[in-house]
Amino acid sequence: MSILSDISTCVIEGNIDDIKGLTQQALDEGHEAKEVLDQGLMPGMDHVGVEFKAGNMFVPEVLRSAKAMGSSMEILKPILVASGVKMVGTVVLGTVKGDLHDIGKNLVGMMLEGAGFEVIDLGKDVAPDAIVDAVKEHEPDIVGLSALLTTTMRAMDSTIKALEEAGLRDQVKVMVGGAPVTQSFADQIGADGYSSNAAAAAEMATKFVTT
Ligand code: B12
């Protein structure tokens, strides 16, 4: 097996202990950082996405895979950035105001990074104005909003309205998610997309920037 498929296996198995060493070894052996990303990490994460969707992998395992991917990306990212490799797109991500749940949002962020996006994670309890400021500063392709409480879902609506008021709504796609959020709620507040899980969120984001 090649070192790149060993790296894929580390992602699939959530092998945080070995992936950094293998990533460094692959670079030392002359593989380009982009090659390690495209032929090592991405196929691993694609596999995880498929298995998660099929119900064969569960949240803790996906988190571990995403963490393994993140450890490798710590080594690759500075090289990719320095070599000018364009990320697929940029996403400003946050859990909305009043809401402190961030496990799902973090998972979405990791899957987006896995799909090649630069993720500006604003954290949790993020006010609409902070999203507006981040859109002005980072000019992302997509804004991702997470909410886990029926009481905080409304803050998604306020955030979209704040983007409209700032004249920024047409510049970004807004995708929403979190356990209480539904497609019909997303439609009602004028979001561009909704997905029920992190793998589908990354797929949707990719569609937003490629179509
Ligand atoms: C962990 C947890 C907490 C932790 C949060 C820790 C953390 N760092 O996140 C703590 C203990 C802090 C907490 C606090 C509270 N919680 Co709580 N919490 C949960 C719990 C058990 C799990 C949530 C979770 O992480 N799920 C796993 C993740 C992976 O799933 P997920 O978030 O849905 O994300 C997935 C998708 O929704 C989607 N997704 C998520 N975000 C996004 C964003 C985008 C853009 C997209 C496309 C997709 C997407 O992808 C993710 C991955 O597949 C749920 C119960 C449950 N089983 O859901 C209750 C729950 C959400 N909490 C609840 C409540 C009531 C509270 C409290 C009010 C309790 C209290 N009285 O203090 C506080 C509120 C604090 C606050 N202001 O936010 C209720 C909400 C009820 C409701 N209908 O509003 C729940 C449902 C429990 C219950 N049955 O009553 N909680």
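Guide: Buried here means under 20% relative accessible area, exposed over 50%, and partly exposed in between (1.4 Å probe, protein chains only). Strands (E, at least two residues) and helices (H or I, at least four) are DSSP runs, numbered from the N terminus. This is a predicted model; local features need pLDDT of at least 70, side-chain atom pairs count only at pLDDT 80 or more, and totals for chains, interfaces and linings use all residues. Residues are numbered from 1 along each chain as its sequence is written, and side-chain values use heavy atoms, with hydrogens and water left out.

Take β3, residues 142-146. Five of its five residues are buried. Ile142, Gly144 and Ser146 point one way, Val143 and Leu145 the other. In a regular strand the side chains alternate between the two faces of the sheet.

Now its neighbours. Strands pair if DSSP finds at least two bridges between them. β3 pairs with β1 in the parallel sense over five bridges; Leu145 is the bridge partner of Gly94. Five bridges also join β3 to β4 (residues 173-177), again parallel. There, Ile142 stands opposite Lys173.

Ser146 is among the residues that come nearest to the ligand, along with Leu100, His101, Asp102 and Thr150; a residue is near if one of its heavy atoms lies within 4 Å. His101 sits in the loop between β1 (89-95) and α5 (103-114). Its NE2 is the single protein donor to the ligand's cobalt atom, 2.2 Å away. Donors are N, O and S atoms within 2.8 Å of the metal (3.2 Å for Na, K and Ca); water is not among the atoms, so sites may look incomplete.
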